[in-house]
Amino acid sequence: MNLILLFRDPKRISIILTISILMLSCFPDMVRKKKTENDWFKLEKVDYVVEGKKLGIVISATVKNPYVESVEVYELQDEEKDILLFKKDKPIQAGKLLLKAEIKISENKDWIRKIGTTRKWIRVELKNDTDLINHLQTEVLVHESDKKQFRKNLSIEAEGEIIHLDGREWKLISDIDRIDQALLQYIPKSDPFLLWNEMLSIHVYKVRTSSPLEIYSLLESGKKKECSNLNWASESQNSDRISYYWEHSGCGKQAASSQIAKLFRGEFGIYNIRYDKKGKISIEDRRKWSSLLDSIPGK
């Protein structure tokens, strides 16, 4: 696709920005390392919580060094200065410790709005009675199920629940994030959840060694085993990117359906971007959707 034409189209720019944000939120930090225990301290659990209209953080820990005089808790930032969430000074006795603090909603709206699992990194900085400093850090996963409740309690609208595509609004109906794959699925806003007629899927296989061709072969063989009357066609194919199409007139209890898909290597693995429709897709619509799927990024 001509990149100049792509970035002149404000609707496509909106699609790219929205889906890029959603996909980036699905993947773990590849650089930072967890360290949750040393001779001074043991981090047992860190949670973001909402009580009423207030956002807070709760830390359960064990103090092992009786000479710890202060505990500072920071939220790590990628490009900006780390945020000090709270500080506790002595007396800090050895044994179980529960730390609670309210944090600013205004500084956390963006990640609460984003659809999908959010990964936060927390650093705990310790100082003893001789001013010696030690620290620990851990990753905190805030799952979409919790964020939905956060948004409801805090009256915050979600970002990306609706995207604009082909002149229509599409709503997010499924968000899956696992260690091996991530999946976002959208249907037209006017379609009922259980009786959808069209679906857009952004599927990422979090693999580093497989090629698009290997994934393509597995998808093709699996679908042909599932459906003997399948019409499968590769529209274009090279080592980096594969475009394909399939349709069937009915398979077992499945009604007739069709799919247009793009398979390629992206930033986080092998991407499978696809458009599904109940029934047959016309040649004109195949061309249109092939072009639209090319506008969805692999980052």
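Leaving out neighbours within four places in sequence, I122 is in contact with V46, Y48, I57, V73, Y74, E75, L85, L136, Q137, T138 and V140, where contact means heavy atoms within 4.5 Å. Before going on, this is a predicted model, in which local features need pLDDT of at least 70 and side-chain atom pairs count only at pLDDT 80 or more, while totals for chains, interfaces and linings use all residues. Residues are numbered from 1 along each chain as its sequence is written, and side-chain values use heavy atoms, with hydrogens and water left out.

Back to I122. The largest nonpolar core has 32 residues, and F41, Y48, I57, V71 and I122 touch the most other members. A nonpolar core here is a set of buried Ala, Val, Leu, Ile, Met, Phe, Trp, Tyr and Cys residues joined through side-chain atoms within 4.5 Å. Buried means under 20% relative accessible area, exposed over 50%, and partly exposed in between, with a 1.4 Å probe and protein chains only. Another core, of 22 residues, lies apart from the largest one and includes Y186, L200, F264 and L292.

Strands, like helices, are DSSP runs numbered from the N terminus: E with at least two residues for strands, H or I with at least four for helices. From β11, E198, L200, I202 and V204 point one way, and M199, S201, H203 and Y205 the other. Strand β10, residues 181–188, pairs with β11 in the antiparallel sense over 6 bridges; pairing requires that DSSP finds at least two bridges between the strands. Y186 has L200 as its bridge partner in β11. β11 also pairs with strand β15, residues 269–278, in the antiparallel sense over 8 bridges, and there the bridge partner of Y205 is I270.

Now the rings. The structure holds 7 aromatic pairs. Rings of Phe, Tyr and Trp (its six-membered ring) pair if their centres lie within 6.5 Å; planes under 30 degrees apart count as stacked, over 60 as edge-to-face, the rest as tilted. Y48 and W111 have ring centres 5.4 Å apart and planes at 70°, so the pair is edge-to-face. Y48 is in strand β1 (residues 41–51) and W111 in helix α3 (residues 109–113), 63 residues apart. Both Y48 and W111 are buried.

Finally, R241 lies over the face of F264, 4.3 Å from the ring centre. For that, CZ of Arg or NZ of Lys must be within 6 Å of the ring centre and within 35 degrees of the ring normal.
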